[in-house]
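Dear colleague,

Please find the structure below, followed by a short account of what was found in it.

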Amino acid sequence: MQTNVLRAPHGRVQARAPCARPQRRVAVVSHATGNGTAASALGLDEPIELVDGRVTSGPDLSVEVNGMKLPNPFIIGSGPPGTNYQVMKKAFDEGWGGVICKTLSLDSSKVVNVTPRYAKIRDYSNRVFGWQNFELISDRPFDVMLAEMKRLREEYPNRMLIASIMEEYNKDAWEEIIGRCEEIKVDAFEINFSCPHGLPERRMGMAMGQDPEVLGEVCGWINKAATVPVWAKMTPNVTDISFPADVALKAGCEGVAAINTIQCISGVNLDTLRPEPSVEGYSTPGGYSWKAVKPIALAKCTSIAKLIAKDYAGQGKSLSGIGGVETGGDAAEFILLGSDTVQVCTGVMIHGYPVVKNLCGGLQKFMQKHDFKSIAEFKGKSLPYVTVHSELVKRQRDAISAKKARQGLANDAEWSGEDFVKNADSMAVNR
Ligand SMILES: Cc1cc2nc3c(=O)[nH]c(=O)nc-3n(C[C@H](O)[C@H](O)[C@H](O)COP(=O)(O)O)c2cc1C
């Protein structure tokens, strides 16, 4: 049976016995969105059956990360898909491996959203490939969200429920929010050091993630207070993401999640000459997500995975990969480059919660092709093949020299009457 996880004050992971509530069963759906459109027409993998998030046959998709056991590696990324009880419940019912709630803070009265706050960016065939948002963190009262998460915790004791939190530069506030979330037994924390809009104006979110000194100090407070694992969610809006990731890991965080959105302006309206999305004629840079950011996310995750492999080997530090995941193949790429889990946010806003069945189906298909029986068998397998450019130059130079030094004749015109036997010998494998 699965257990939830507690972290002792000194950082060691301990098992917490789950309460024995019956788990929900989910029915398989034959279409991704339930709207009658075939998965392949949407560019998705075929869906598979999941029972409490577990596959019923084929390669094992379960993962264990920082002591947490997930039935599959797909986690709802913080955002609209984790805003309240009914949507988080839907995520568990459909089979998501874990849920990270929309980022919470103690005083939601300071959070005031505007509309429109999203913009879709489409390709020539009208498919959405990029998504801008300048949505703030949760605007719901902390007590209300906490009560809803408590209910969810009680109804789904064995599923991973992670609290995304953010606070100002105030030790007491961080201690309070951590203590209150732990009272309802969240499995872990994800710290939002990365929201690129609105909150940085109050020195929160990305403003903290971009300031190594503040980041180190705040992570220190958090890790002293937390008794469950802590993931630091990093911003890609820095020169070298491995630098703040290192600060967070050094300060005791068990893992890193990346990436949050990339600062962007989706466009300018050429009739009104106003930037978009326009709110009363004005706009502000937002965060870019979805398929367009996947290559950037893969590069940022690679840089963090390399750091973990080099400086934190054997210490159980984890990486949760995020950015533009739509298919099982996308997820496989993040895992091949060192991610333990994979988060999806915009993908749920586009395809709905059942897409987890397509994601699991696609990941299994990839694993079957390579005869991988578990996620652990291929985690990080592609990582050693990302190197520095000078190494590519050296390898190419060596390969050309080796070709030139190749034994044997280039063509039949080179056979010589004098050296005939030598020529033949030069092409034998066992000379
Ligand atoms: C509308 C929207 C709201 C978001 N809100 C949050 C949030 O409250 N906290 C957070 O950590 N990330 C938030 N994110 C960022 C996502 O969790 C994720 O890091 C990012 O969008 C990249 O992943 P994706 O391409 O799967 O969406 C939000 C993203 C979107 C699109």
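Helix α8 (residues 328–336) is largely enclosed by the rest of the structure, because seven of its nine residues are buried. Here a residue is buried if 20 or more other C-beta atoms, placed from the backbone, lie within 10 Å of its own; helices (H or I, at least four residues) and strands (E, at least two) are DSSP runs, numbered from the N terminus. Please note that this is a predicted model: local features need pLDDT of at least 70, side-chain atom pairs count only at pLDDT 80 or more, and totals for chains, interfaces and linings use all residues. Residues are numbered from 1 along each chain as its sequence is written.

The buried residues of α8 are G328, D330, A331, A332, E333, F334 and I335. Their cover includes β7 (74–76), α7 (294–311), β19 (318–322), β20 (341–344) and α10 (355–370). After α8 comes G338, with a positive phi near 110°.

Beyond its neighbours within four places in sequence, F189 is in contact (C-beta atoms, placed from the backbone, within 7 Å) with residues including I162, C181 and W231.

There is also an open, antiparallel sheet of four strands, in the order β9-β10-β18-β15. Strands β9 (118–122) and β15 (262–264) each have a single partner strand, so one side of each lacks a neighbour in the sheet. Strands pair if DSSP finds at least two bridges between them; β9 and β10 (residues 128–133) have five.

With kind regards

Definitions and conventions
Two residues are in contact if their C-beta atoms, placed from the backbone, lie within 7 Å. A residue is buried if 20 or more other C-beta atoms lie within 10 Å of its own, exposed if 12 or fewer, and partly exposed in between; C-beta atoms are placed from the backbone.
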